[in-house]
Amino acid sequence: MKRTINKVTVLGSGIMGSRIAAHFANIGVKVRLLDIAPFELTEDEQQKGLSLDDPRVKMRIVSQSWENTLKSKPASLYTPDFASRVELGNFKDNMKDIGDSDWVIEVVVENLKIKKQVFDDVEKYRRKGTLITSNTSGIPIHLMLDGRSDDFAQNFCGTHFFNPPRYLKLLEIIPTPKTNPEVVDFLMKYGSQYLGKTTVLAKDTPAFIANRVGIYAILKVVDTMQKLELNVDEVDRLTGPVIGRPKSATFRTSDVVGLDTLVKVANGLYHGLPNDEQREIFNLPPQVNDMVERKWLGDKTGQGFYKKTKNSKGQTEILTLDLNTMEYGEKQRPKFATLEQTKPIENLKERMPVLLSGKDKAGEFYRHSFYGLFQYSSNRIPEIADELYKIDDALKTGFGWKLGPFETWDILGVQKTVQKMEELGYQPNQWVYQMLESGNNSFYKTEGGRRLYYDIQSKEYKGIPGTEEFILLDTLRGSQKVWGNAEATVFDLGDGILNLEFHSKMNTMGAGVIEGINRAINLAEEKYRGLVIANEGDNFSAGANLGMLFMYAIEQEFDEVEFMVRQFQQTIMRARYSSVPVVVAPHGMTLGGGCELTMHADQVVAAAETYIGLVEVGVGLIPAGGGTKEFTLRVSDKLESGDVEYNALQNAFMNIATAKVATSAYEAMDMNIIRKKDRVVVNKDRQIAEAKAAALALAEAGYVQPIQRSNVKVQGRGGMALFLAGIHGMRAGNYISDHDQKIASKIAYVMCGGDLSYPQEVSEQYLLDLEREAFVSLCGERKTLERIQSIIQGGKPLRN
């Protein structure tokens with residue numbers, strides 16, 4: 001059966017239901033979001049004389065839920081315009097309309113009886129053969145099929161999204177014995193290709209995969225904390241980014257999610273797993289139960305493991321709960337010798353062995369926490385999954401871990417770690433010993449440019465299903481490297497396409513990256529058909545490396561500054577005007593120079609989660625890598641389509657002057673940073689493959705080297721006068737400082753073409769020269785140097 005998803009109905013408009021609806025809207029699907037009609041009137045509705053049959057009353061629950069979702073931060077929609085793809089309704093009036101939907105997703109309260117009642121109505125109105133899935137996080141999927149028809153059962157499955165659905169990539173697919181295998185295959189592929197998810201096939205066991213192992217890991221941390229007499233601040237210091245976990249670590253995450261949620265899942269696991277060898281871990285300590293009784297649930301109740309308050313000076317202060325006294329105290333800044341030792345080690349894979357070999361309490365904490373996790377994960381196969389990669393994938397994409405348990409184990413050395421585990425009383429499952437005895441010493445390996453996993457049943461290494469279409473740079477390092485330096489590497493992707501990867505700190509653009517861009521273009525022009533610029537870091541590029549610039553500026557070596565900027569401009573323009581197609585694939589933070597490089601690509605293949613903008617104003621400068629020039633050029637091109645001249649120019653000016661950063665690739669399109677002809681990829685794992693395909697398509701279409709533009713229309717003094725009047729008004733009203741006024745005036749000067757007596761056409765190089773002149777002049781400003789110094793000392797990226 002060929003399936004196409006044109007319309008989805010989501011039943012239940014709570015936090016998860018509304019956000020799932022929003023994400024389907026993000027990918028262009030029409031969505032109907034339904035919820036119950038209220039059973040009683042509010043006081044306000046009574047005063048207005050409304051009845052339960054009034055449409056405003058019947059729509060109250062779903063309307064309020066959707067409104068809350070639209071206001072929530074971070075945003076659930078890629079751009080507010082996508083809200084028009086969602087229509088609201090209620091069960092009473094609109095359940096009958098679900099027959100036009102290709103997929104019905106149930107997201108009502110976690111109560112089996114209520115879910116069955118909802119499915120009674122779904123059975124009445126659904127179209128035969130359409131998908132029905134439940135987003136339950138804990139109720140066994142097969143129990144929902146009592147009394148259902150064969151067609152319903154064959155097209156029914158569990159689809160467990162993680163909150164927030166836009167940002168957390170995991171989608172667990174949980175079939176029942178009656179689910180048609182075609183339905184499972186479809187959901188696995190659709191989730192990956194269209195929803196941008198890492199789809200993981202899970203068994204119908206309590207909490208499925210991610211929550212089963214993830215909640216164990218959290219509670220094992222708590223158990224180890226108590227045994228080693230550590231406190232909340234110390235544990236959160238040990239379990240955050242230093243081990244590749246989110247900044248919220250353990251207890252801050254609990255506060256954000258809600259302690260009641262953690263308790264509910266843990267209690268469900270304790271009662272639902274009578275035969276689990278680690279069952280007692282899920283029996284929560286009395287302090288946690290005490291917190292629940294006191295309603296100390298986290299952010300939703302104003303306090304949890306942390307409490308935000310005001311001190312005697314009226315300043316905001318964060319207090320930390322002491323689990324021994326159940327009193328809040330001043331937040332500590334714990335230090336451990338092991339953490340100090342690993343500070344210089346930026347690479348997580350190199351850092352992990354050092355952390356677990358620590359001789360202090362931190363090292364002991366890590367050994368017990370990770371060895372317990374390794375043991376538990378190995379024992380869950382084949383109970384919750386038949387393949388080990390599913391556990392890693394679920395925890396990485398559902399909990400935001402950089403490394404899964406088996407990946408971490410590989411880094412530490414499987415054989416060596418097993419011996420250390422045994423010494424501390426953690427014995428892995430027998431299949432691990434069998435793997436080692438057969439001469440296989442790792443859970444993963446790379447072969448032929450593909451990542452393979454150890455398959456327990458066949459005792460062989462196999463390719464991870466669903467990744468055949470991915471290009472993963474890590475699998476190419478041993479065989480396809482063409483050139484490299486400390487900050488950049490060029491790979492051969494095959495079919496005549498090269499890839500340039502940045503790997504400087506936060507992928508900032510310094511001398512090594514500039515050399516890499518030029519070398520990659522040279523190589524591509526000499527022997528290849530095209531170039532992709534993409535990487536697999538957390539961010540595409542956080543902008544320019546400010547260290548060298550600051551050194552020259554503080555010494556007033558302005559000739560050197562001018563040379564640096566000129567070289568950067570020439571490099572960016574090479575990307576635009578090379579003899580081969582250059583495709584840039586931004587993702588994550590793509591700021592300053594990273595944005596300028598993106599704007600000069602022949603084509604952009606952006607990840608949907610691309611946060612892109614020209615942020616140089618934040619350090620007292622203007623974009624001078626072609627960014628100001630390019631916005632001016634794009635405004636000029638828009639004028640040909642009839643746009644109002646000054647309105648278009650003002651919008652572009654404000655994007656630069658306010659250092660605005662798009663919060664998605666689609667918003668970047670609205671800002672004219674990414675063009676309508678460019679492509680957006682929802683699943684970042686597919687991005688490099690898509691970018692390669694785009695470069696090949698350009699080459700095969702007969703790519704011709706472009707000619708630099710000399711027809712960029714600028715407004716001259718007339719435009720400048722309007723801008724300067726507005727800037728002066730902002731300063732007079734104390735909305736901006738003297739320094740801000742100077743920066744804004746420089747931006748306006750460049751965008752209007754400088755001191756020209758009338759509107760006319762100029763060349764790109766003319767605008768680049770104005771850009772560079774303005775940039776260098778601002779480098780001599782004390783305020784600019786102070787801002788740059790602040791960024792460098794704080795180790796922060798260049799952003800507003």
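Which residues does Ser 636 touch, not counting residues up to four places away in sequence? In this predicted model, Ser 636 touches Asn 711, Val 712 and Lys 713, where contact means heavy atoms within 4.5 Å. Ser 636 lies in helix α25, which covers residues 627–639; helices (H or I, at least four residues) and strands (E, at least two) are DSSP runs, numbered from the N terminus. With a relative accessible area of 5%, Ser 636 is buried, a class defined as under 20% relative accessible area, with exposed being over 50% and partly exposed in between (1.4 Å probe, protein chains only).

Because the model is predicted, local features need pLDDT of at least 70 and side-chain atom pairs count only at pLDDT 80 or more, while totals for chains, interfaces and linings use all residues. Residues are numbered from 1 along each chain as its sequence is written, and side-chain values use heavy atoms, with hydrogens and water left out.

The chain contains 32 helices and 25 strands. Its radius of gyration is 29 Å, close to the 28 Å that the globule rule gives for 800 residues, so the chain is as compact as a globular protein of that length. The radius is taken over C-alpha atoms, and the globule rule is 2.2 Å times the number of residues to the power 0.38. Along the principal axes, the C-alpha trace spans about 80 × 70 × 65 Å. Of the 800 residues in the chain, 55% are buried. Among contacts in the chain with a separation of 6 or more, 69% are accounted for by residues 24 or more positions apart.

In soluble globular proteins, nonpolar side chains tend to be buried together. The largest nonpolar core here has 108 residues, and those with the most contacts inside this core are Val 122, Tyr 366, Trp 431 and Phe 443. A nonpolar core is a set of buried Ala, Val, Leu, Ile, Met, Phe, Trp, Tyr and Cys residues joined through side-chain atoms within 4.5 Å. Another core, of 82 residues, lies apart from the largest one and includes Ala 488, Val 561, Ile 622 and Ile 674. When residues up to four places away in sequence are not counted, Val 122 touches Leu 11, Met 95, Ile 98, Val 104, Ile 132 and Phe 152.

Helix α30 (residues 738–751) holds Ile 743. Ile 743 counts as buried, at 1% relative accessibility. Residues up to four places away in sequence aside, Ile 743 touches Val 617, Gly 620, Leu 621, Ile 622, Leu 778 and Arg 787. The C-alpha atom of Ile 743 is separated by 50 Å from that of Lys 189, which is 554 residues away along the chain. Gln 741 is also placed in helix α30, but counts as partly exposed at 21% relative accessibility. Its contacts, leaving aside neighbours within four places in sequence, are with Ile 727, His 728, Arg 731 and Ile 736. Gln 741 and Gly 729 are twelve residues apart in sequence, with 10.0 Å between their C-alpha atoms.

The axes of helix α17 (residues 388–399) and helix α18 (residues 405–412) come within 7 Å and cross at roughly 105°. On the α17 side, Leu 388, Ile 391, Asp 392, Leu 395 and Lys 396 meet Pro 405, Phe 406 and Glu 407 of α18.

Several loops hold backbone features of note. A cis peptide bond, with omega about 0°, joins Asn 163 and Pro 164, and Pro 164 is in the loop between β6 (156–161) and β7 (170–174). Ile 381 and Pro 382 are likewise joined by a cis peptide bond, with omega about 10°; Pro 382 lies in the loop between α16 (361–379) and α17. Asn 507, although not a glycine, has a positive phi of about 55°. Asn 507 is placed in the loop between β17 (497–502) and α21 (511–527) and counts as buried at 5% relative accessibility.

Conventions
Axes are lines fitted to C-alpha atoms, for helices over the stretch in contact, and angles run from 0 to 180 degrees between N-to-C directions.
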